[in-house]
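Trainee: I would like to go through this model one question at a time. Where do we start?

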Amino acid sequence: MQRVPVLKLGDVLIVSIQIDLEDQSVLALQEDLADAVVDHGARGVIIDITAVEIVDSFIGRMLATIAGMCRMLDAQTVVVGMRPAVAITLVELGLSLGGVRTALNLEKGVALLDHIRSATP
Amino acid sequence: MSVQADTARRRIEELLRTNEEQIIGRWAKIAKASSEELSELYRALLASLDEGKNDLADIRGLLADLSRSRARAGFAPSDTARAVFGLKEVVFELAESDADWAEAAGGLVWFSRLIDDLGLYTFETYTDAREKIILDQAEQLLELSTPVVKMWDGIVAVPLIGTLDSARTQVVMEKLLQTLVDTGAEHAIIDITGVPAVDTQVAQHLLKTVVAARLMGAECVISGIRPQIAHTIVTLGVEFGDIVTKASLADALAHTFRRAGIEVGRARQAHVSIRAENA
């Protein structure tokens with residue numbers, strides 16, 4: 001099973017998904033991420049899915065679950081770099097990812113997190 | 001093929017070959033077509049019969065050309081088919097005056113079927129050509145009708161014109177999302193001023209597009225909602241939720257400017273005073 005690395009940048013955690021996600025790696029990622037948020041006291045999590053070309057309802061739910069989990073741990077989640085085809089698939093699946101913030105790319109995601117943090121000190 | 005039918009068929013073929021000049025002349029009169037055109041066809045028909053294996057490829061090619069050129073000249077497809085069927089009439093007359101009428105009659109059925117086939121083939125060519133034109137136009141229409149325009153740095157708009165169906169909405173959605181990726185725009189305006197009617201399905205399509213744009217990290221505003229459309233949407237019970245809707249494109253643009261933190265103001269010197277100075 002391939003594991004997705006969780007990178008730390010200041011008080012932001014960055015998860016860049018570069019592999020074809022299996023259900024096992026998704027579950028492992030959720031655990032790793034929750035651990036990392038607590039260990040580092042992270043205030044924000046960015047999930048970069050630029051390289052993800054195929055999604056199913058499981059991955060869609062994974063994003064919502066991670067967002068919910070991080071909110072419990074007082075960290076904001078931003079999903080960045082979603083491809084048009086992926087967005088269309090998720091909408092067709094009926095997943096609108098309510099409660100998950102999104103940005104066009106990593107740069108804008110970081111800017112969004114900064115903005116949220118300055119708005120809520 | 002029985003021996004009798006075979007001889008009858010030969011008889012017709014012989015008739016066709018010996019009376020070539022006469023047949024073409026009469027055919028041209030009945031079909032109201034030029035005899036050069038018809039004699040070319042006639043020769044191809046004879047050639048295909050000659051080979052004896054019913055190879056109609058040559059004459060079909062000629063007929064396709066004829067059908068196309070006549071269609072372009074404004075003839076109805078039935079005119080072209082009738083012109084081809086005219087050959088039957090000529091050959092029937094000829095066979096009637098023939099000494100061996102009984103023998104030729106058997107072959108006439110075969111000949112009539114052959115000409116029917118060819119006549120129908122011109123019809124098929126005509127409809128194929130038409131079909132192709134319609135398909136091409138539908139494709140062009142789809143491309144033409146879904147432009148994504150840049151309104152400002154980081155703001156794009158999609159002016160929708162005409163009825164929305166699933167296929168078109170799909171194209172609009174894909175084009176808009178791709179533009180968001182390509183330009184990095186964070187705001188999009190979907191203008192439906194040119195959409196004549198909105199039903200639940202169209203509303204559903206619009207909602208999907210807005211949600212997909214949101215998933216990618218862009219904000220989407222729907223504008224150009226006319227009073228009747230607002231009425232229809234409310235009557236239908238469609239919920240737009242927290243999606244921003246505006247009456248006009250100008251309102252939507254103003255809203256987007258505010259959201260993007262762009263300030264636009266009037267220049268100190270108004271247009272009227274500049275004109276007054278120039279005069």
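Mentor: With a definition: helices are DSSP runs of H or I with at least four residues, and strands are runs of E with at least two. The model is a predicted one.

Trainee: Which strands are the edge strands of the open sheet in chain B?

Mentor: The sheet has five strands in the order β1-β2-β3-β4-β5, with mixed pairing. An edge strand here pairs on one side only, and in chain B that applies to β1 (149-152) and β5 (244-245).

Trainee: Which residue stands opposite B:I222?

Mentor: Strand β4 (residues 219-223) of chain B is joined to β5(B) by two bridges, and the two run parallel. In β5(B), the residue opposite B:I222 is B:T245.

Trainee: What angle does helix α8 of chain B make with β4(B)?

Mentor: Helix α7 (residues 166-183) of chain B packs on the sheet against β1, β2 and β3, at about 165° to β2(B). Helix α8 (residues 200-215) lies across β3 and β4 of chain B, and its angle to β4(B) is about 155°.

Trainee: Is A:D74 buried or exposed?

Mentor: A:D74 sits in the loop between α2 (57-72) and β4 (76-80) of chain A, and its phi is positive, near 60°. Because A:D74 has 10 inside 10 Å, it counts as exposed.

Terms used:
Residues are numbered from 1 along each chain as its sequence is written. Chains are lettered from A and ligands numbered from 1 in the order in which they are written. This is a predicted model: local features need pLDDT of at least 70, side-chain atom pairs count only at pLDDT 80 or more; totals for chains, interfaces and linings use all residues. A residue is buried if 20 or more other C-beta atoms lie within 10 Å of its own, exposed if 12 or fewer, and partly exposed in between; C-beta atoms are placed from the backbone. Two strands pair if DSSP finds at least two bridges between them. Two residues are in contact if their C-beta atoms, placed from the backbone, lie within 7 Å. Axes are lines fitted to C-alpha atoms, for helices over the stretch in contact, and angles run from 0 to 180 degrees between N-to-C directions.
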